[in-house]
Amino acid sequence: MYLPGDCYPQVYQDLDFLGADYRSLFTADYQECQRICTHDPGCQFFTFVNEVFTPQEIRYKCHLKFSWRLPRIPIIEKNFSFVSGFSQKAEITQYFDTGTQTATIIAFGKHPAGWHALSLDDLWVLFFFTACPGKLLSDTDIVGSNMEMLLAISPEQCQTFCSAHPLCTYFSYSSDDFKCYLKNNPNKMVTRSMEGVTSGMPERFCQQDNSWVKDVYERIDFRGSEIGYELMVDEDMCQKKCTKDPNCQFYTYIPDLISPHWRRCTLKRVITMPAPPKVTKLPNVVSGFSLKDCVQIHI
């Protein structure tokens, strides 16, 4: 039995979660496929091909699939009348398989003041991470191998996206238009000098510097994805309002006296739950989700 929450333990017979594949392998059954998905940091859901599938040569094949769990801002625009930022409750953490040696997990009943902890029914789990190097290549573009383009407010956020995607081998970020190019080429990396472009590699299995989440971005509008608004005295109050609201991921505030929407604090959110791009009927396959977010209890 699992505790309620962001947990989807059910599997779906004869349904294919089509697309979003990043890795495949052969397993004895769908249970093993789901276990591998659960322990693979990039896997959000899977499709398994069973022992009677046709054609025969892909029987027992386990397809691991990726879905974004990080909030992605749909539109970022320069606007002198706006100030934007993120909820301060947002924590960019990486999933750690308990078999890795880069994280030590200690569980006990009391929360020692000043330590970073996560609480679940009075159980505190402490993570001690190795700090990431945080290396970025200024005025450098990595040529080609584009895999996906997202919008990001900074090179550090772009690096966070690259670190979260299992296929991203490096990235380039353009500060002029906020475009973050995730790239995939494990064989070579060709660079060239280019002003206004920052490039880098992903940072995985270490504690990232997520200070970009705490920054306030003046003259920037995170346009769209509104879930509501209120009038606030200043941007600090707007940030606190977003942080307090469990549904708010980022916000935009209008401090400009000239604007007709002066002092408006708009709270915003995008969908971050695991979402297969397409679901189709297909005999003799089994699909399901990672159990990373599931907490099992025994009654």
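**Notes on the predicted model**

1. Cys132 counts as buried because its relative accessibility is 14%, where buried means under 20% relative accessible area, exposed over 50%, and partly exposed in between (1.4 Å probe, protein chains only). Cys132 sits in the loop that runs between strand 8 (123–129) and strand 9. Strands (E, at least two residues) and helices (H or I, at least four) are DSSP runs, numbered from the N terminus. Leaving aside residues up to four places away in sequence, Cys132 touches Glu203, Cys206, Gln207 and Gln208, a contact being heavy atoms within 4.5 Å. Between Cys132 and Glu203 there are 71 residues of sequence separation, but 6.3 Å from C-alpha to C-alpha.

2. On provenance: this is a predicted model, in which local features need pLDDT of at least 70 and side-chain atom pairs count only at pLDDT 80 or more, while totals for chains, interfaces and linings use all residues. Residues are numbered from 1 along each chain as its sequence is written, and side-chain values use heavy atoms, with hydrogens and water left out.

3. Overall content. The protein has three helices and 20 strands. Of its 299 residues, 40% count as buried. Taking contacts between residues at least 6 apart in sequence, 70% join residues at least 24 apart.

4. Which strands make up the open sheet of five, and in what order? The order is 9-15-12-13-11, with antiparallel pairing; two strands pair if DSSP finds at least two bridges between them. Strand 9 (136–137) and strand 11 (146–151) are the edges, each pairing on one side only. Helix 2 (residues 155–164) packs on this sheet and touches strand 9, strand 11, strand 12, strand 13 and strand 15 (197–200). The direction of helix 2 makes about 150° with that of strand 12; axes are lines fitted to C-alpha atoms, for helices over the stretch in contact, and angles run from 0 to 180 degrees between N-to-C directions.

5. Bridges within that sheet. Strand 12 (residues 170–174) pairs with strand 13 (residues 179–183) in the antiparallel sense over five bridges, and Phe171 stands opposite Leu182 in strand 13. Strand 12 also pairs antiparallel with strand 15, over four bridges. Strand 9 and strand 15 pair in the antiparallel sense over two bridges. Ser199 in strand 15 is the bridge partner of Leu137 and also of Ser172.

6. Side-chain directions in strand 15. In a regular strand the side chains alternate between the two faces of the sheet. Here Val197 and Ser199 point one way, Thr198 and Gly200 point the other way, and all are buried.

7. How many of the ten residues of helix 2 are buried? Eight are, and the helix is mostly covered. They are Pro155, Gln157, Cys158, Gln159, Thr160, Phe161, Cys162 and Ser163. These buried residues pack against strand 5 (75–86) as well as strand 9, strand 11, strand 12, strand 13 and strand 15.

8. Pairings of strand 20. Strand 1 (residues 12–18) runs antiparallel to strand 20 (residues 278–289) and is joined to it by six bridges, with Asp16 opposite Thr280. Strand 3 (residues 45–49) also pairs antiparallel with strand 20, over five bridges; Phe45 has Phe289 as its bridge partner there.

9. Is Lys268 buried or exposed? Lys268 counts as buried because its relative accessibility is 2%. Lys268 belongs to strand 19 (residues 264–268). Its contacts, not counting residues up to four places away in sequence, include Phe222, Glu226, Asn247 and Tyr251. The C-alpha atoms of Lys268 and Ile73 are separated by 9.3 Å, with the two residues 195 apart along the chain.

10. Cavities. There are two cavities of 30 Å³ or more, a cavity being a set of points on a 1 Å grid over the protein atoms alone where a 1.4 Å probe fits but cannot get out.

How values were computed. On a 1 Å grid over the protein atoms alone, a cavity is a set of points where a 1.4 Å probe fits but cannot get out, and a pocket is an open set with protein on both sides within 12 Å along at least five of seven lines; lining residues have an atom within 4 Å of a point. Grid points are joined across faces, edges and corners, and a volume is the space filled by probe spheres set on the points.
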